[in-house]
Amino acid sequence: MKLENTCPEQQLEFTVATEKEFDEILAMSKGIYGGLDYLPSRYHSWIREPNRTVVLAKKNGAVVRIWESWASSSVLSFSSQPTATFHCGEAVGRERLAHRRLKRGPALDTAVEPSLGKGDLFKTASGSCWHTNNQPSAFSPPLPVPQIHNQIGLQSVYIVDAGETVLVEGLRVAPWERGKGVAGVLQRFCLEMVKEKHPGVKVSRLTRDDKLGPKDFKKYRVIAKQGILLVRFNAQDLLSRLDLLVLALEEGGFCPEPSELLMAGEVAEVVLRESFRSEVLPNQTIIQDWQPFKATASNLGLLQKKELCWVVDKKSHPTVATLSTRPFSIPLGEDWFYLNIDVFGRALAHVKSQLIHHLRLQMPGLQGNVMCQLFLEPALWLDMAEFCQVALGLELAKGYTEQYLLESDV
Ligand SMILES: CC(C)(COP(=O)(O)OP(=O)(O)OC[C@H]1O[C@@H](n2cnc3c(N)ncnc32)[C@H](O)[C@@H]1OP(=O)(O)O)[C@@H](O)C(=O)NCCC(=O)NCCS
């Protein structure tokens, strides 16, 4: 679906994401967050989620990069006519030329009009390069399967808090288009779209973990801040040692605190209690795996659809609550998973005990390596980093970083 607005000065076109663009989005996102990108795992559910729109920015008639799953490492080169500036129409002609030369291979996706720039390098999955100029050389390539990639930006907007808040997520711009203002234009477009479609939205919220500058603090209010502790381990290896580790801890004087798993029907009763919202949650907000939700019944309805585990110290009067999201795969490697645990409350001993509880809940059945992110009160970071490394034998994957929950008026 094509969205109505276009942005002439940036030559950007906006569309709603569908399954069709998934490979392009993956290609564009390559390397984001050092292999820890959540979007490949979330994309398919995001595009179907009610109240969410995933917006793609496409460069209108501009140079695009192309990847294709071409097994050969050959280089295809076209000889040159100098000073060619490409416009859409010309480029299509040029693409047909290329297509003719590749007639032994499967057809190009001609639904998307490509425009190939003179001297553009486009890389194959096997690392080979194509180099375009204007005329074909005598060289005949082996069976390539080119695919066109011209999506250059993505942002998701998700309406939460009973229609009062837009949650902005997933922002990314293709590496070769960064630093040209694309993110700014995409953000502004999404905001205008939200204002038009959801007039009840009052504020925009987002979470970030990059360094914020004075400009950001002018633009946003900080609603909450959590420290991020990132550790890694092998799931089955840890599971096989966990009982012994806890025994050894107890012998050394560690006294596990009581921890209780909330059943689905118990969550609302505990979480919506006024004392829990104001004393345990950061600024009355449930932050679940980077997504902030006000602690309201409507948001708990949204959260109920996810496979979440709430653990508290005492159901009748919780002082610490932890929320784990089911592990999901990340691009770091075939057998790598992300386990995210949000921690609310300040009592260190409870946090340690609840971490062990979540590991026991989430590790069985998981084959592979885990990057585990704990989002917690910044003052707990150091002690928890030591506990993870020394007591549990986990490897620290990153030093101290912070997750900011930011808000601005719409
Ligand atoms: C961050 C990124 C999207 C910026 O893209 P860009 O097109 O180079 O950015 P622009 O030149 O349009 O300028 C940046 C604008 O985006 C904003 N911005 C930068 N980083 C941002 C972030 N992490 N979250 C939200 N907004 C951000 C800036 O404040 C600026 O806004 P302004 O136009 O109101 O001043 C891009 O570098 C990228 O894709 N990085 C990898 C993925 C990533 O880190 N995404 C952030 C998700 S939290």
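**Exercise 1.** Decide whether Arg 208 is buried or exposed in this predicted model.

Solution. The relative accessible area of Arg 208 is 18%. Buried means under 20%. Arg 208 is therefore buried, at 18%.

**Exercise 2.** Find which residues form salt bridges with Arg 208, and classify the accessibility of Asp 210 and Asp 216.

Solution. Step one: a salt bridge requires a side-chain nitrogen of Lys or Arg within 4 Å of a carboxyl oxygen of Asp or Glu. Step two: the closest N and O atoms of Arg 208 and Asp 210 are 2.9 Å apart, and the two residues form a salt bridge. Step three: Arg 208 also forms a salt bridge with Asp 216, where the closest N and O atoms are 3.3 Å apart. Step four: Asp 216 is buried, with a relative accessible area of 15%, whereas Asp 210 has 36% relative accessibility and counts as partly exposed.

**Exercise 3.** Determine which residue pairs with Arg 52 in a salt bridge, and state the accessibility of Arg 52 and of its partner.

Solution. The side chain of Arg 52 meets that of Glu 49 in a salt bridge, at 2.6 Å from N to O. Arg 52 has a relative accessible area of 8%, so it is buried. Glu 49 is partly exposed, at 22% relative accessibility. Side chains of opposite charge can pair when their charged atoms come close.

**Exercise 4.** How many salt bridges does the structure hold?

Solution. The count is 23 salt bridges.

Key: Residues are numbered from 1 along each chain as its sequence is written. This is a predicted model: local features need pLDDT of at least 70, side-chain atom pairs count only at pLDDT 80 or more; totals for chains, interfaces and linings use all residues. Side-chain values use heavy atoms; hydrogens and water are left out. Buried means under 20% relative accessible area, exposed over 50%, partly exposed in between (1.4 Å probe, protein chains only).
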